[in-house]
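This briefing is meant to be read with the sequence and the coordinates side by side.

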Amino acid sequence: MKAKESMLLGAHLGGLAITASGTTAVHALSYPLGGRYHIPHGVSNAILFAPVMRMNRDACKERFAVLSDIVWPERSQKSDDWKVEHMIQEIEDIVSFMRIPASLAAFNVPKEDLEWLVDAGSKVTRLLSNNRKELTLDEIRSIYQTVL
Ligand SMILES: [Fe+2]
């Protein structure tokens with residue numbers, strides 16, 4: 001019962017966070033992965049999180065640095081570039097620790113579906129329009145190539 005209570009609270013807090021902040025390119029590019037390959041949305045979000053952060057880094061550097069300062073105040077003297085790179089690395093480490101695959105190959109997504117993914121992902125404009133960096137088709141393609 002304690003574990004169930006904790007999961008319930010975690011889901012509630014997650015819902016509050018998403019409602020307050022909205023979601024962006026990670027979730028947009030995840031939708032085709034759930035719809036066609038039945039990859040759980042949280043798993044595909046985890047796989048795409050770091051690659052999308054890398055693509056967004058220049059548009060979000062100052063915000064990422066502020067977040068880094070909150071989470072790791074001992075790193076506050078480092079450069080913004082250093083903070084962002086290490087934050088992205090922390091995300092990758094968490095995904096790895098959770099034993100979530102870094103590649104869509106683990107879900108039998110064929111590399112030949114790249115252009116279908118780019119087309120489908122780029123159509124989730126409701127969420128892509130929330131992204132701080134407007135992503136081109138080439139940038140969306142690059143993100144998917146990173147995880148295929
Ligand atoms: Fe989502």
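Is Ser-103 buried or exposed, judged by the other C-beta atoms within 10 Å? In this predicted model, Ser-103 is exposed, because 11 other C-beta atoms lie within 10 Å and a residue counts as exposed at 12 or fewer. Ser-103 belongs to the loop between helix 4 and helix 5, and its C-alpha atom is separated by 9.2 Å from that of Leu-48, although the two residues are 55 residues apart along the chain.

**Overall fold**

- The protein chain contains seven helices and zero strands, so that reading along the sequence gives the pattern α-α-α-α-α-α-α.
- The radius of gyration of the protein chain is 16 Å, which agrees with the value near 15 Å that a compact globule of 148 residues would have.
- Taken along the principal axes, the box filled by the C-alpha atoms of the protein chain is roughly 45 × 45 × 30 Å.
- Of the 148 residues in the protein chain, 24% are buried.
- Among contacts in the protein chain with a separation of 6 or more, 67% are between residues 24 or more positions apart.

**Helix 2 against helix 3**

- Helix 2, which covers residues 25–37, and helix 3, which covers residues 41–71, have axes that come within 8 Å and cross at roughly 135°.
- On the side of helix 2 the contact involves Ala-25, Val-26, His-27, Leu-29, Ser-30, Leu-33 and Gly-34, which meet His-41, Ser-44, Asn-45, Leu-48, Phe-49 and Val-52 in helix 3.
- By residue class, the contact of helix 2 with helix 3 consists of seven nonpolar and six polar residues, with no charged residue.

**Helix 5 against helix 7**

- The axes of helix 5 (residues 114–122) and helix 7 (residues 137–147) cross at roughly 125° and come within 9 Å of each other, which makes helix 5 oblique to helix 7.
- The crossing of helix 5 and helix 7 is right-handed, and the contact brings Leu-114, Leu-117, Val-118, Gly-121 and Ser-122 of helix 5 together with Leu-137, Ile-140, Arg-141, Tyr-144 and Gln-145 of helix 7.
- The residues of the contact of helix 5 with helix 7 comprise six nonpolar, three polar and one charged.

**Contacts across the sequence**

- His-27, a residue of helix 2, is buried because 21 other C-beta atoms lie within 10 Å and the cut-off for a buried residue is 20 or more.
- When neighbours within four places in sequence are left aside, His-27 is in contact with Asn-45 and Leu-127; the C-alpha atoms of His-27 and Leu-127 are separated by 7.2 Å, while the residues are 100 residues apart along the chain.
- Asp-58, located in helix 3, counts as exposed, with 11 C-beta neighbours inside 10 Å, and its C-alpha atom is separated by 9.8 Å from that of Arg-132, 74 residues apart along the chain.

**Backbone in the loops**

- Most residues other than glycine have a negative phi, and the following two positions carry positive values.
- His-38, found in the loop between helix 2 and helix 3, has a positive phi near 60° without being a glycine, and it is exposed, with 8 other C-beta atoms within 10 Å.
- Arg-99, found in the loop between helix 4 (80–97) and helix 5, has a positive phi of about 60° although it is not a glycine, and with 6 C-beta neighbours inside 10 Å it counts as exposed.

Note on methods: Residues numbered from 1 in each chain as written. Predicted model: local features only at pLDDT ≥ 70, side-chain atom pairs only at ≥ 80, totals over all residues. Helix = DSSP H or I, 4+ residues; strand = E, 2+ residues; numbered from the N terminus. Rg over C-alpha atoms; globule rule 2.2 N^0.38 Å. Contact = placed C-beta atoms within 7 Å. Axes fitted to C-alpha atoms, helices over the stretch in contact; angles between N-to-C directions. Parallel < 35°, antiparallel > 145°, perpendicular 65-115°, else oblique. Left-handed = near helix turned anticlockwise from the far one by under 90°. Nonpolar A, V, L, I, M, F, W, Y, C, P; charged D, E, K, R; others polar.
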